[in-house]
Amino acid sequence: MEKIVILTGAGISAESGLSTFRDTGGIWAQHAVEDVATPEAFARNPDLVHEFYNARRAKAADVAPNPAHLALARLEREHAGQVIVVTQNVDALHEAAGSGSVIHMHGALNGALCAACGHRWPAPQEMRTSDPCPACSATSTRPDVVWFGEMPYQMDAIWQHLEEADIFAAIGTSGNVYPAAAFGQHAGRAGAHTIELNLEPSVNVRDFAELRHGPAGSIVPAWVEELLSRQT
Ligand code: BV8
């Protein structure tokens with residue numbers, strides 16, 4: 001039974017109404033990375049960083065999964081082998097669509113973290129610099145997301161999944177951010193069939209054996225339908 005490992009990026013949530021990072025008008029067009037998505041930025045101006053993530057948390061709470069998220073949840077339910085979603089996204093749309101095995105390698109908007117004691121709890125809709133940590137009362141609470149220069153979460157498990165994958169798919173990611181951008185090459189070298197499903201060729205398109213370009217809301221359900229009808 002084939003093990004399928006899927007990396008998703010901001011592009012899979014675009015048709016749900018969430019901005020991507022690097023498309024025109026994307027998040028990095030409105031905010032400089034170094035001002036809102038690095039530990040230095042948080043140390044320098046925690047209010048600005050909280051404001052940035054509060055706005056994205058509110059927006060993410062307002063949107064719904066699209067057919068691409070729903071197709072991946074269907075694949076996990078109906079495929080005989082293991083299906084793992086590794087997402088770079090911090091929204092909860094995979095879970096909302098019904099996916100159970102989701103690894104948030106860059107963290108999640110719905111998570112809060114105390115930078116002083118490491119305590120984690122569900123994030124309130126609005127996080128403020130003055131909020132005390134529920135465990136140690138220090139006022140150094142932050143969104144539980146992975147900023148540039150920080151180690152992504154669960155990397156040992158992810159490398160293991162990539163080595164065991166029979167199929168590795170990258171969906172809705174531009175291939176700019178490491179270590180996620182190296183996953184296709186890593187899985188391919190370990191013997192997986194690699195496929196890119198994206199609106200347009202990513203910067204690491206040459207790492208993929210199969211390419212399907214178009215909006216995720218259309219090409220992902222079609223790909224899942226093919227996989228499932230092939231296994232009957
Ligand atoms: C680390 C936080 C080291 C939460 C994010 C070389 C090697 C290794 C590392 C580096 C290197 N050079 C530089 C680095 C460091 C850096 C990095 O990669 N920088 C890049 C810019 C060069 N990497 C890091 O800092 C990482 N950490 O390396 O740690 C370390 C080692 C030991 C000990 C300690 C540390 C951490 C990276 C994580 C940063 N956090 N997010 C948040 O605010 O969201 S990254 C951010 O970019 C998001 O997580 C996002 O998911 C991610 C990737 O972006 P994409 O998802 O790909 O989105 P993008 O807009 O770029 O592309 C969207 C795509 O969708 C496009 O292709 C578009 O065509 C497509 N699309 C659009 N619409 C649709 C669509 N596709 C289908 N359908 C549609 N409708």
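A polar backbone atom of V146 sits 2.7 Å from a nitrogen atom of the ligand, a polar contact in the sense of a pair of N or O atoms within 3.5 Å (within protein, one must be able to donate a hydrogen and the other to accept it, and residues adjacent in sequence count only if both atoms are side-chain atoms). Please keep in mind that this is a predicted model, where local features need pLDDT of at least 70 and side-chain atom pairs count only at pLDDT 80 or more, while totals for chains, interfaces and linings use all residues. Residues are numbered from 1 along each chain as its sequence is written, and side-chain values use heavy atoms, with hydrogens and water left out.

**Ligand contacts**

- For Q88, a backbone N or O atom lies 3.1 Å from an oxygen atom of the ligand.
- The protein buries 76% of the 1500 Å² that the ligand exposes when taken alone (Shrake-Rupley method, 1.4 Å probe).

**The shell around the ligand**

- There are 34 residues around the ligand, and F21, R22, H106, G149 and S174 come nearest (a residue is near if one of its heavy atoms lies within 4 Å).
- By class, this shell holds 16 nonpolar, twelve polar and six charged residues (Ala, Val, Leu, Ile, Met, Phe, Trp, Tyr, Cys and Pro are nonpolar; Asp, Glu, Lys and Arg are charged; the others, Gly among them, are polar).
- Domain 1 and domain 2 each give at least three residues to the shell.

**The two domains**

- The chain divides into domain 1 (1-17 + 65-106 + 151-232) and domain 2 (19-62 + 109-145), with bounds from an automatic or database domain assignment.
- Their C-alpha centres lie 25 Å apart.
- Contact (heavy atoms within 4.5 Å) takes in 13 residues from domain 1 and 14 residues from domain 2.
- About 910 Å² is buried between the domains, 55% of it from carbon and sulfur atoms (accessible area, 1.4 Å probe, that two parts lose on being put together, summed over both).
- Three residue pairs are in polar contact across this interface, both residues at pLDDT 80 or more.
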